[in-house]
Amino acid sequence: MDRSSLLQLIQEQQLDPENTGFIGADTFTGLVHSHELPLDPAKLDMLVALAQSNERGQVCYQELVDLVSANISSKRSSSFKRAIANGQRALPRDGLLDEPGLGVYKRFVRYVAYEILPREVDRHWYFYRHRSCPPPVFMASVTLAQIIVFLCYGARLNKWVLQTYHPEYMKSPLVYHPGHRARAWRFLTYMFMHVGLEQLGFNALLQLMIGVPLEMVHGLLRISLLYLAGVLAGSLTVSITDMRAPVVGGSGGVYALCSAHLANVVMNWAGMRCPYKLLRMVLALVCMSSEVGRAVWLRFSPPLPASGPQPSFMAHLAGAVVGVSMGLTILRSYEERLRDQCGWWVVLLAYGTFLLFAIFWNIFAYDLLGAHIPPPP
């Protein structure tokens, strides 16, 4: 049914005899069921609920026309967002928790919905639209690659903790070293290298526990953008603030994911339904703070003499800043186009300005300041 057909149907059946532009909730529900309007099931379920919970008990039929005639895609149309905005932003019943007979995978999808999304409307939308294909391959692939690289170097060097103390380890073409700033790929590939088993375990655990659910909800492109933005910001921040230090580990990306998720929970505290959210947030903050403290200790008070400065901890802090700014903007724009969000352009402009500054810093500042860089291994 197209726009003109629906308008004709509304006019013929005199659904709006006073030309108010609105249809009563009961009339709307009857129209949907009797004429089998080709609405997306998730949109239909939520619009019926919103119409019933609307203060006036009405739904704007122009928005219904827009919804029916719109090209149904994975992104919610502007007319659907207006319909949601005109409602109470909440469904009258907690349908997902009451959903009977769900399989193991659908129960996991429901758990992810309540873990990540703060609004019931969004949870319903995600639950009914979720498809298992494509799977969350980005975070799984990055974690697997990090484990493989770690095992290869561990077996080769016969060293599984404090690997950066081994001279051969720091000769890897993946490690960021200030003496190799011209090799631009190192600003990203350092995320595959780790100090030791404990750092790898911490990063891999958080990537799988937080990164995979985020990728399931927000998609590969958004989460990979957030993760890689945190990784790149981490190495560039180290090149500015700790000019002698190398960088290893994926902590910049991990902290971008974690800080974005935690900030989203705090900003939407009342709506989040994840169990034991206060306890889990405290544990996450304690673990992240402990990891930063350990990195600071290894940087300035290494337990063993080393041939050069140890990896910097500034990548952790840079990743957290990226998560709170860029990540929070992404998570709050669930299934909405980022280009329509004013905050997204502000964050993108700030990040682009930082990148330009960091590039010029790496080209000119080291020579102008006469920075004494330890010779690369």
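Author: Leu-356 is found in helix H17, which spans residues 342-369; helices (H or I, at least four residues) and strands (E, at least two) are DSSP runs, numbered from the N terminus. This is a predicted model, in which local features need pLDDT of at least 70 and side-chain atom pairs count only at pLDDT 80 or more, while totals for chains, interfaces and linings use all residues. Residues are numbered from 1 along each chain as its sequence is written, and side-chain values use heavy atoms, with hydrogens and water left out.

Leu-356 counts as exposed because its relative accessibility is 52%; buried means under 20% relative accessible area, exposed over 50%, and partly exposed in between (1.4 Å probe, protein chains only). Together with Ile-359, Phe-360, Ile-363, Phe-364, Leu-368 and Leu-369, Leu-356 forms a nonpolar patch on the surface, with about 770 Å² of accessible area together. Patches are made of residues with over 30% relative accessible area and no salt bridge, like charges being joined within 9 Å and nonpolar side chains (Val, Leu, Ile, Met, Phe, Trp, Tyr) within 5 Å. A salt bridge is a side-chain nitrogen of Lys or Arg within 4 Å of a carboxyl oxygen of Asp or Glu. Accessible areas come from the Shrake-Rupley method with a 1.4 Å probe, and for residues only the protein chains shown count as cover.

Trp-361 is also found in helix H17. Not counting residues up to four places away in sequence, Trp-361 touches Ser-239, Ile-240, Met-243, Tyr-366 and Leu-369, where contact means heavy atoms within 4.5 Å. The side chain of Trp-361 reaches the backbone oxygen of Ser-239 at 3.3 Å. This is a polar contact, that is, a pair of N or O atoms within 3.5 Å; within protein, one must be able to donate a hydrogen and the other to accept it, and residues adjacent in sequence count only if both atoms are side-chain atoms. Trp-361 and Leu-236 lie 125 residues apart in sequence, yet 9.3 Å apart in space, C-alpha to C-alpha.

Thr-237 lies in helix H13, residues 220-241. Thr-237 counts as buried because its relative accessibility is 14%. The side chain of Thr-237 reaches the backbone oxygen of Ala-233 at 2.6 Å. Beyond four places in sequence, Thr-237 touches Asp-242, Met-314, Ala-318 and Phe-354.
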